[in-house]
Amino acid sequence: MSDTRVYLLDCGTMALDQSYMFLDAGLSGQRRFPVYGVLVEHAEGKFIFDTGFDAAHIRNVAAFTEPQQSAEQTIPGQLHLLGIRPREITHVINSHYHLDHCGGNKYCTHATTVCHRCELDVLKAPAPQEELAYSDISFAPQIRQAAPDVAGDIYTPRFETLSGDQEIAKGVFLFETAGHTAGHYSLMVRLAHRRPMLFTADACYAQKNLDMMCIQAGNHDPAQALKSLQRLKDLAQQHDAELFFSHDPESWTGYRRGPAFYS
């Protein structure tokens with residue numbers, strides 16, 4: 001069996017004020033941060049965890065985040081660097097359905113779409129304060145007109161919902177880290193030649209959030225979000241895993257990006 005490989009897919013950058021990214025920490029000023037997806041090339045399939053943003057959609061609904069994304073930083077562009085076509089992706093797994101994590105889902109038309117059951121429920125009927133965050137439904141255009149027991153007109157042929165911690169392929173784990181959203185997942189991948197990689201997604205934006213035990217603004221459940229910060233610390237210690245943060249410009253400079261990989 002070939003070794004599992006992990007590629008980080010550079011999906012561009014956005015910007016927010018530090019007062020949003022580090023809630024009640026006394027910081028201010030604009031902070032430009034990376035947005036990326038994770039491709040896990042595995043004996044059981046090709047899994048993408050999060051797919052970045054659609055720049056046109058972001059400019060239309062949240063121009064204040066000043067998105068920057070080249071054609072090469074779209075999911076098709078990033079996969080092209082690896083010699084992979086979007087139709088070869090077998091699974092799209094979303095940590096959650098905020099607009100900067102699912103903008104490239106629509107390109108993976110032959111994949112199984114996977115998310116937490118709670119996340120699908122919220123996607124169908126977001127609360128007023130969450131409508132902007134859940135506004136990119138390009139991969140499921142009829143989701144808000146669908147019957148309660150169906151996923152809607154998903155672009156992909158299969159749709160699976162999960163709950164609880166799950167091993168979705170040998171050595172590929174999803175851990176519940178709710179709080180930022182109702183159904184948030186973080187991803188851990190075991191590899192043959194290095195420590196496990198634990199991708200926090202938006203349960204922790206940056207190393208600084210973890211160091212200060214400081215959540216960001218805009219959480220579904222702030223108290224639970226703080227508990228999930230501690231859970232990430234505990235998981236990293238339990239599995240001797242290296243944490244990879246979702247929106248950390250300082251850490252990002254040291255990460256390998258596709259076509260380079262981890263194995």
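In helix α4, the residues E119, L120, V122, L123 and K124 are buried, where buried means under 20% relative accessible area with a 1.4 Å probe and protein chains only, exposed means over 50%, and partly exposed lies in between. Helices here are DSSP runs of H or I with at least four residues, strands are runs of E with at least two, and both are numbered from the N terminus. The model is predicted, so local features need pLDDT of at least 70 and side-chain atom pairs count only at pLDDT 80 or more, while totals for chains, interfaces and linings use all residues. Residues are numbered from 1 along each chain as its sequence is written, and side-chain values use heavy atoms, with hydrogens and water left out.

What do the buried residues of α4 pack against? They pack against β5 and β6, with contact meaning heavy atoms within 4.5 Å. Helix α4 covers residues 117-124 and lies across these two strands, running at about 95° to β5. Such angles run from 0 to 180 degrees between N-to-C directions, and the axes are lines fitted to C-alpha atoms, for helices over the stretch in contact.

Strands β5 and β6 belong to an open sheet of six strands, in the order β1-β2-β3-β4-β5-β6, with mixed pairing. Two strands pair if DSSP finds at least two bridges between them. The edge strands, each pairing on one side only, are β1 (5-17) and β6 (158-162). From one strand to the next, the twist averages 20°. Strand β5, residues 112-116, pairs with β6 in the parallel sense over five bridges.

The loop between α4 and β6 contains F139. This residue counts as buried because its relative accessibility is 2%. The C-alpha atom of F139 is 5.8 Å from that of N105, although the two residues are 34 residues apart along the chain.

Five strands form an open sheet in the order β7-β8-β9-β10-β11, and its pairing is mixed. Here the edge strands are β7 (166-169) and β11 (242-244), each of which pairs on one side only. The twist in this sheet averages 25° from one strand to the next.

Is strand β9 enclosed or open to the outside? Five of the five residues of β9 are buried, so the strand is largely enclosed by the rest of the structure. Y185, L187 and V189 point one way from β9, whereas S186 and M188 point the other way. Strand β8 (residues 172-176) is joined to β9 (residues 185-189) by five bridges, and the two run antiparallel. Within this pair, L174 stands opposite L187, and E176 stands opposite Y185. Three bridges join β9 to β10, again in the antiparallel sense. L187 has F199 as its bridge partner in β10.

Helix α6 (residues 222-239) packs on this sheet, touching β8, β9, β10 (197-199) and β11. The direction of α6 makes about 150° with that of β8. At 3% relative accessibility, S228 counts as buried. Leaving aside residues up to four places away in sequence, S228 touches T177 and A178.

The empty spaces come last. Rolling a probe the size of a water molecule over the atoms shows where empty space is left. On a 1 Å grid over the protein atoms alone, a cavity is a set of points where a 1.4 Å probe fits but cannot get out; a pocket is an open set with protein on both sides within 12 Å along at least five of seven lines; and lining residues have an atom within 4 Å of a point. Grid points are joined across faces, edges and corners, and a volume is the space filled by probe spheres set on the points.

The largest pocket has a volume of about 470 Å³. It is lined by 22 residues, of which Y20, H98, L99, A133 and G218 lie nearest its centre. The lining has 11 nonpolar, eight polar and three charged residues; Ala, Val, Leu, Ile, Met, Phe, Trp, Tyr, Cys and Pro count as nonpolar, Asp, Glu, Lys and Arg as charged, and the others, Gly among them, as polar.

A search of the whole structure finds one cavity of 30 Å³ or more. The largest cavity holds about 80 Å³ of space. Among the residues that line it are Y36, D50, F199 and F244.
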